[in-house]
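Biologist: I have not looked at this one before. Can you walk me through it?

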Amino acid sequence: MEHVLISYCVPSIDRLQFQRLKSPGRLKFSYNSPSLVRVSCLSGLNKGASHRKIPKNLRYPRRPKLPPETGNRFIKKKVRGRNPFEVETDSKERVEESDDNVEEEEDGDGSLTWSPDEIDAISSLFQGRVPQKPGKLSRERPLPLPTPHKIRPLGLPATKKYGRSASPSTLSQRSSFSNQIYKNPDFLIGLAREIRGLPSAADASEVLDQWRRFLRKGSLSLTIRELGHMGLPERALQTFCWAQKHPQLFPDDRILASTVEILARYRELKLPFGLEKFMNSASRSVVEATARGLIRAGSFGHVRKLLLIAKDNNRTLDPSIHAKMILELGKNPDGYKLVRALLNELGEREDLKLKQQDCTAVMKVCTRLGNFEAAESLFNWFKESGQSPSVVMYTTLIHSRYYAKKFREAWAAVWEMEESNCLLDLPAYRVVIKLSVSLNDLSRSVRYFSKLKEAGFAPTYDIYRDMIKVYAFSGRWAMVKQMCKEVEMAGFKLDKEIGSLLSQMEEIRSVS
């Protein structure tokens, strides 16, 4: 049991009193003297007296809530009042409480103040901004380094000369109705259908007068070409004659070229006797349209004259004219001589520019003529021009090398086609299977035949015939019978060559 000694400083020592407490940690005072000197806690009879610090929660009690002051609220004022845990004496000696971690500075008048930095930091919390270092608060950031595309002189953007206003999706809602329809293909094709629906005695002007104010130069060229596709060259000529009467639509080479091509295609164009004057006065687009129309009509003599006159006058026409003429002449053996001359003229041109479709067509004609070197040179030129060949061009090249008996080079083209990730079509599978059968390569023939079926293509009769041949040469009689059943199920009939081959195989099996 711990005892607590409570001593009072009184005039006489007889007034010293002792009291026993029931539990430690509690103090009970008997105030027989008005002044309290000290409190000493003894933890035991054998221990000496020791000074014990008051806990921090008792040393620094919570500050009571005070109403807001109108003055400077960041000045800490010393709370004046009696501490209930402080014992006073008559000599007004007080207990000195110190904390090693907290230091307080007192002013001359007894009040504690905040430093300016602390006041700025606390006020920024209420204002919602991050405190800045003392100095110039409105600092200007340095400009970034100039880049080449940003140091150009300022200027207004240039207007587009050729705006794509024909597409309905790109038309602006603010543009006028005329700007929305004068190049709209749906409107122009619908105009041709309205002209087609007119009675035979009516003129095309009945429809065109209704839309005259909405048309511009070049608008009716598509309408005239559509009338030509419908087989109405008379209506196309009526449309051209109507456009000639309106200065806002004519003169225009696009309308003239479309009309000349349609009339030449249907052999209703009257060519002048002096083609030299026509070549000198006509523009290049009109001459090329005339040549295309004459090629479609089969008038190769007039086209040849136009090409020779253009060559003599140092006028260059588009190489597609030569390509289209070679393709049409290559269908008839009587035109092979003229095709060779055109091929030589085409090879002499330095500014050769051909589309992939025209280049493939010329390669096919060269293969048909047996001019395999020309086909090879065209293919090499096309690759050197930076374009990638299609599966049709590869098939044409393999076919040319197959007929030239260059089987190794043909297989090299097949591997190059597969490495370029070209999807093989039915003609490509047919020429590859034909190439493997010519080499009597059963494994490659079976592999490409299975790939053809996996791709979803239906084999043609010549493919079935090649597979029957390669199985027969390899002695695979069971597979030959299976191919014959597939041919019958596909609806084909075996020809005499395959029939004789099957009879020979049966005789060999009966003898053996």
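Modeller: We can go from the overall make-up to single residues. Keep in mind that this is a predicted model.

Biologist: How many helices and strands are in the chain?

Modeller: The chain has 22 helices and four strands.

Biologist: And what percentage of the residues count as buried?

Modeller: Of the 512 residues, 35% count as buried. The accessible surface of the chain is about 35700 Å², and carbon and sulfur atoms account for 52% of that surface.

Biologist: What about contacts between residues at least 6 apart in sequence?

Modeller: Among those contacts, 62% join residues at least 24 apart.

Biologist: Next, the nonpolar core. How many residues are in the largest one?

Modeller: The largest nonpolar core has 82 residues. I398, I433 and V480 have the most contacts inside that core. Helix α20, residues 461–473, gives the largest share of this core, with eight residues.

Biologist: What is V480 in contact with, leaving aside its neighbours within four places in sequence?

Modeller: With those neighbours left aside, V480 contacts I468, Y471, A472, L502 and M505. There is also a second, separate core of 24 residues, and L188, I224, A236 and A243 are among its members.

Biologist: I224 is in α6, I think. What does α6 meet in α8?

Modeller: From α6, the residues L220, S221, I224, R225, G228 and H229 meet R254, I255, S258, T259, I262 and R265 of α8. By class, that contact has four nonpolar, five polar and three charged residues.

Biologist: At what angle do α6 and α8 pack?

Modeller: Helix α6 (residues 220–229) and helix α8 (residues 253–265) pack at about 10°, and their axes are 8 Å apart. Angles under 35 degrees count as roughly parallel, so α6 is roughly parallel to α8.

Biologist: Which residues have a positive phi although they are not glycine?

Modeller: N314 has a phi of about 55°, and N421 has a phi of about 60°. N314 is in the loop between α11 (300–312) and α12 (319–329), while N421 is in the loop between α17 (407–419) and α18 (426–438).

Biologist: Is N314 buried or exposed? And N421, buried or exposed?

Modeller: N314 is exposed, with a relative accessible area of 69%. N421 also counts as exposed, at 68% relative accessibility.

Biologist: Now V287. Where is that residue found?

Modeller: V287 is in helix α10, residues 284–297. V287 has a relative accessible area of 0%, so it is buried. Leaving aside neighbours within four places in sequence, V287 is in contact with F278, M279, A282 and L317.

Biologist: How far apart are V287 and L317?

Modeller: V287 and L317 are 30 residues apart in sequence, and their C-alpha atoms are 8.3 Å apart in space.

Biologist: Last one: what about A341 in α13?

Modeller: A341 lies in helix α13, residues 336–348. A341 is partly exposed, with a relative accessible area of 26%. I326 is 15 residues away from A341 along the chain, and the C-alpha atoms of the two are separated by 9.7 Å.

Notes. Residues numbered from 1 in each chain as written. Predicted model: local features only at pLDDT ≥ 70, side-chain atom pairs only at ≥ 80, totals over all residues. Heavy atoms only, no water. Axes fitted to C-alpha atoms, helices over the stretch in contact; angles between N-to-C directions. Helix = DSSP H or I, 4+ residues; strand = E, 2+ residues; numbered from the N terminus. Parallel < 35°, antiparallel > 145°, perpendicular 65-115°, else oblique. Contact = heavy atoms within 4.5 Å. Nonpolar A, V, L, I, M, F, W, Y, C, P; charged D, E, K, R; others polar. Buried < 20%, exposed > 50% of the residue type's maximum accessible area, 1.4 Å probe, protein only. Areas by Shrake-Rupley, 256 points an atom, 1.4 Å probe, with all protein chains shown as cover. Core = buried A, V, L, I, M, F, W, Y, C linked by side-chain atoms within 4.5 Å.
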